[in-house]
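Please open the structure in your viewer and keep the selection tool at hand. Each stop below names what to pick next and what is there.

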Amino acid sequence: MDVYALIGPSGTGKSHHAMEVAQQYDIEYIIDDGLLIHRGKKIAGQSAKAEPTLVAAVKTAIFLDPKAAADMRETLQKENPKKLLLLGTSEHMIDRVGQSLNLPPLKQIIFIHNVVSPEEIQLAQQMRQEGKHVIPLPAVEVRQNFPGIWIRPFKDLFKRKKGKDQPSEKSIVRPRFSQFGQVSISEQVVIQLVNHLAKQHERLGQGVKTGVNISDLGVTIQCEATVRFGTPIQLAVQAFQEEAIQTVEHITGLTVRSIDVRITGIYKD
């Protein structure tokens, strides 16, 4: 299987232009926000845009639920696509999806700004500000699979060159989570989470210092800590990193890009 990725920040038109990119590279299967799509039909998965909250949407998009990931792996094995296109907001997100689904390494990365014009990106961003999202499925498919969300067919506002195949029908939806406005999580919340985990960790000292940076690409965490005398430092730190990543992502829905831990000293009980 050859795996391709279409990458661009949220609200830049990835779902809108996914079919065109797929046609250009002769790709018949697309994974977008938790859905596996083949020739304009949903094959498997649950759309993140059908989730009631933004946190749940993020978890769905990266297949954080083990059962959802296992079901998708089983479907991919059955369908056995020659080429697969993944949509994501960053390379890190694409890596998370690839790890969840045990996909082979990427064959090619395609960036949205190399595919569409600045005018089209501006239009997509305007739609996102209005709470509108695009699903690369016909309206009838969306109504059957995701009842209860606002929907209408999508019509291109930009004319395509003559002689090219027209992309399959797309739909504009208003996810339930967008009806409640934006949800923001402060860096202080993540700091408190990490510090709480550190206090529960029997081999780390109590005076952990944590710094956090949140961006559109995810969260980066920096920690300074001490360890108990006699502790295998690398093993203890790795266990703490794994637990922190899992907990922060589960509770906040944010993607943890990295967590760096600097050991500054050793203490005795």
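Select Tyr4 and look across to strand E5: Leu85 stands opposite Tyr4 there. The model you are looking at is predicted. Now widen the selection to strand E1, residues 2-7, and strand E5, residues 83-88. E1 and E5 pair in the parallel sense, over 6 bridges.

Stay on E1 and pick Leu6. Opposite Leu6 is Ile110, in strand E6. E6 covers residues 106-111, and its pairing with E1 is also parallel, over 5 bridges. How many residues of E1 are buried? The count is 5 of 6, so E1 is largely enclosed by the rest of the structure.

**Helix H2**

Go to residues 54-61, helix H2. Colour Ala57, Thr60 and Ala61, which are buried. Look down the axis of H2: its buried residues fall within an arc of 95 degrees, so they line one face of the helix. In an α-helix, residues three or four places apart point the same way, because there are 3.6 residues a turn. What do the buried residues of H2 pack against? They pack against H4. Before leaving, select Phe63, which follows H2. Phe63 has a positive phi, near 55 degrees.

**Salt bridges**

The whole structure holds 4 salt bridges.

Start with Lys67 and Asp71. Their closest N and O atoms are 2.9 Å apart. Lys67 is exposed, at 56% relative accessibility. Asp71 is partly exposed, at 35%.

Next, select Arg96 and Glu249. This salt bridge brings the closest N and O atoms to 2.4 Å. Arg96 sits in helix H4, residues 91-100, and Glu249 in helix H8, so the pair ties together parts that are 153 residues apart in sequence. Are these two residues buried or exposed? Both Arg96 and Glu249 are buried.

Then move to Glu224 and Arg262, a salt bridge with its closest N and O atoms 3.2 Å apart. Glu224 is in strand E11 and Arg262 in strand E12, so this pair links parts 38 residues apart in sequence. Glu224 counts as partly exposed, at 31% relative accessibility. Arg262 counts as exposed, at 53%.

In soluble globular proteins, nonpolar side chains tend to be buried together. Select Val190, Val194, Ile221, Cys223 and Phe240. These have the most contacts inside the largest nonpolar core, a set of 21 residues. Which elements give two or more residues to this core? They are helix H7 (187-200), strand E11 (218-228), helix H8 (233-252) and strand E12 (256-267). H7 gives the most, with 6 residues.

Centre the view on Phe240 and show its surroundings. Leaving aside neighbours within four places in sequence, Phe240 is in contact with Val194, Leu197, Ala198, His201 and Leu204, and also with Cys223, Ile259 and Val261.

Notes. Residues numbered from 1 in each chain as written. Predicted model: local features only at pLDDT ≥ 70, side-chain atom pairs only at ≥ 80, totals over all residues. Heavy atoms only, no water. Core = buried A, V, L, I, M, F, W, Y, C linked by side-chain atoms within 4.5 Å. Buried < 20%, exposed > 50% of the residue type's maximum accessible area, 1.4 Å probe, protein only. Helix = DSSP H or I, 4+ residues; strand = E, 2+ residues; numbered from the N terminus. Contact = heavy atoms within 4.5 Å. Salt bridge = Lys/Arg side-chain N within 4 Å of Asp/Glu carboxyl O. Arc of directions from axis to C-beta. Pairing = 2+ DSSP bridges.
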